Amino acid sequence: MKKQPAIDQRLRRRLLPFLLFVITLLLGALLWNRIEGVRKQNFEVATEGARNIFHIIVLTRQWNAEHGGVYAFESDKTTANSYLDHPERELELKDKRKLVLLNPAYMARQIAELAEKDPRLHLRLHITSLRPIRPENTPDAWEALALGQFEQGLQEIASVEQMEGRRYLRYMAPLQVTEACMKCHAKQGYRLGDIRGGISVSLQFAGIEATIRKEILATVINHAVSYGLLLIITWGLVELLARRWRALDDSIETLQETRNELVENEKMASLGRLVAGFAHEINTPVGVAVGAISHGDDTILKLQALLSKDEVTEQELAEELDYLQQSHALALSNLRRAAELVQRFKRTSIDRGSAQKREYQLAELIRDVLMTLQNVLKHASVEVEVHCTERLKLYGTPGLLEQVLTNLITNSVSHGFDDGARPGRIVIKAWQADGRLMIDYRDNGVGMSEEVRQRAFEPFFTTRRGTGGSGLGLYVTYNIVSQQLGGSIQIISVPKTGVCFYIECPIERTP
């Protein structure tokens, strides 16, 4: 429960602002992209409209050219084309009315004048060329630039430009010389396919911009609503996550406490096995010593009886004294053995219960571990072979390695040799290389399957759940090696061929 405020603070002060920043950034990018898309789409729609107008004018000119021009009655608005060099430019009817020839350019110009005057269209058309015959067809700066690009292969051009204080969409495409055009323009030096000019189409952009603004406003409103909904959803999800996180943290804390209790229970069980083994081992020398002392008491009583006699032979006294000396020697040797066992037990129990570092011999530590497990190994018919030089001295917490070796040996007896039902052999090799301690531990037991090998270091994993296995022995071993000793432990095993634990960890220097 103590960690919940920190979780809430981390979520609300870090995660929530980060999520809001990401959401704002993404929606901002989407909004900007959508606005640009609206502008581009409307520009393309307007350009397509201008393009269609251009093609209609071109088709109208083509129809006129293919028919050699058309005649219209002369009027104030339709007079003879002074720039047209044609023998039948004007015709007079019998009733004295006159017909004037409208060539393609003239007809297109009149259409342009009508379009510009129509208030519904907001349209301007201009026929132009870099070599105009008619001065009014001289291009402005934008048209001249476009005509120059047409000469270089550009097929069309469109942009929004300022004209007479208003914004226009200006579109222009080239006019190419066709067979019908050669009648009038051959004398200008044009050839078939040449660019002889172009038609610019200008549409007022105000109506288009109004449409764009409406679509942008609708887009902004939609994104604002979406942004608000996402903020509410995000806040709700963060709150839900905080609650789930608090619940998970409580569960993890409970599991950690349970795991620590089980690990401590495993250590106590290991210590209990050590005490049981020690008690069994010390009973033998103490029992022998007690028997020898009892025998010595009997011998002393016999000596007292002999000395109370009036006559006693030297041989009788010598025999009893010899018995007394043998009893004394036997009791002394077994008491010394018991003292050595007590000393080893004391050293081992202190090392396991203390985190204090000291200098120790690894070979002696291995012997202490084997002594504490002698009863287990003896009843299991398991032999242990040790290869470790007496010169290998280490500095650190010896109880850690004692716990590791104890767990490995008891694991071999329980799992590799079926609780002693199968005889076997354990080989322990230890050496120093490049400032690191190497331990090669292996047995010739039943081995592990690949699935078991991969999960062997998991907490609470055991193949003997129904027979009292806790699944913590190898887990504790792994944590001691990897966390407390700063090393690594690997398992190499194949079923029916035994198992090998390879341990490697750095050697601490004596301060």
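Here are some notes on this predicted model, point by point.

1. **The whole chain.** Start by getting your bearings: the protein chain has 11 helices and 14 strands. Of its 511 residues, 38% count as buried. The accessible surface comes to about 30400 Å², and carbon and sulfur atoms supply 56% of that. Now look at who touches whom: among contacts with a separation of 6 or more, 67% are between residues 24 or more positions apart.

2. **Ser202, tucked away in a strand.** Find strand E7, residues 195-204, and pick out Ser202. Is Ser202 buried or exposed? Its relative accessible area is 2%, and the cut-off for buried is under 20%, so Ser202 is buried. Leaving aside neighbours within four places in sequence, Ser202 is in contact with His122, Leu123, Arg124, Met163, Tyr168, Leu169 and Arg170. With Arg170 there is also a polar contact, side chain to side chain, at 3.4 Å.

3. **Helix H9.** This helix covers residues 398-416. Its 19 residues reach 26 Å from first C-alpha to last, close to the 27 Å expected at 1.5 Å a residue. H9 is mostly covered, with 17 of the 19 residues buried. Not counting residues up to four places away in sequence, Asn411 touches Gly416, Leu474 and Phe501.

4. **Helix H11.** Leu474, a contact of Asn411, takes us to H11, where Leu474 is one of the buried residues. H11 runs over residues 473-484, and its 12 residues reach 16 Å, close to the 16 Å expected. After H11 comes Gly486, with a positive phi near 65 degrees.

5. Some background first: most residues other than glycine have a negative phi. Which way does Lys96 go, positive or negative? Its phi is positive, near 75 degrees. Lys96 sits in the loop between strand E2 (90-92) and strand E3 (98-102), and is exposed at 63% relative accessible area. Asp418 is another case, with a positive phi of about 50 degrees just after H9. Asp418 lies in the loop leading from H9 to strand E11 (424-433) and counts as partly exposed at 38%.

6. **A greasy patch.** Which residues make the nonpolar surface patch of about 730 Å²? They are Leu217, Ile221, Val225, Leu229, Leu230, Ile233, Leu237 and Leu240. Take Ile221 as an example: it is found in helix H5, residues 206-307, and counts as partly exposed at 46% relative accessibility.

7. **Salt bridges: Glu156 and Arg51.** The count of salt bridges comes to 18. In one of them, Glu156 pairs with Arg51, the closest N and O atoms being 2.9 Å apart. Glu156 lies in the loop between helix H3 (141-151) and strand E5 (157-163), while Arg51 is in helix H1 (residues 4-66), so the pair ties together parts that are 105 residues apart in sequence. Glu156 counts as partly exposed at 31%, whereas Arg51 counts as buried at 19%.

8. **Lys357 and Glu508.** Here the side chains meet in a salt bridge at 2.8 Å, N to O. Why does this pair tie together parts that are 151 residues apart in sequence? Because Lys357 is in the loop between helix H6 (314-353) and strand E8 (358-361), and Glu508 is in the segment after strand E14 (499-506). Lys357 is partly exposed at 41%, and Glu508 is partly exposed at 38%.

9. Arg367 forms a salt bridge with Glu390, with the closest N and O atoms 2.7 Å apart. This pair links distant parts of the chain, 23 residues apart: Arg367 in helix H7 (residues 362-372) and Glu390 in the loop between strand E9 (382-387) and strand E10 (393-396). Arg367 counts as partly exposed at 35%, and Glu390 counts as partly exposed at 39%. To finish, salt bridges that share partners join Glu48, Arg51 and Glu156 into one network.

Note on methods
Residues numbered from 1 in each chain as written. Predicted model: local features only at pLDDT ≥ 70, side-chain atom pairs only at ≥ 80, totals over all residues. Heavy atoms only, no water. Helix = DSSP H or I, 4+ residues; strand = E, 2+ residues; numbered from the N terminus. Buried < 20%, exposed > 50% of the residue type's maximum accessible area, 1.4 Å probe, protein only. Polar contact = N/O pair within 3.5 Å; in protein donor to acceptor, adjacent residues only side chain to side chain. Contact = heavy atoms within 4.5 Å. Expected span 1.5 Å × (residues − 1). Patch = residues over 30% accessible without salt bridge, like charges linked within 9 Å, V, L, I, M, F, W, Y side chains within 5 Å. Areas by Shrake-Rupley, 256 points an atom, 1.4 Å probe, with all protein chains shown as cover. Salt bridge = Lys/Arg side-chain N within 4 Å of Asp/Glu carboxyl O.
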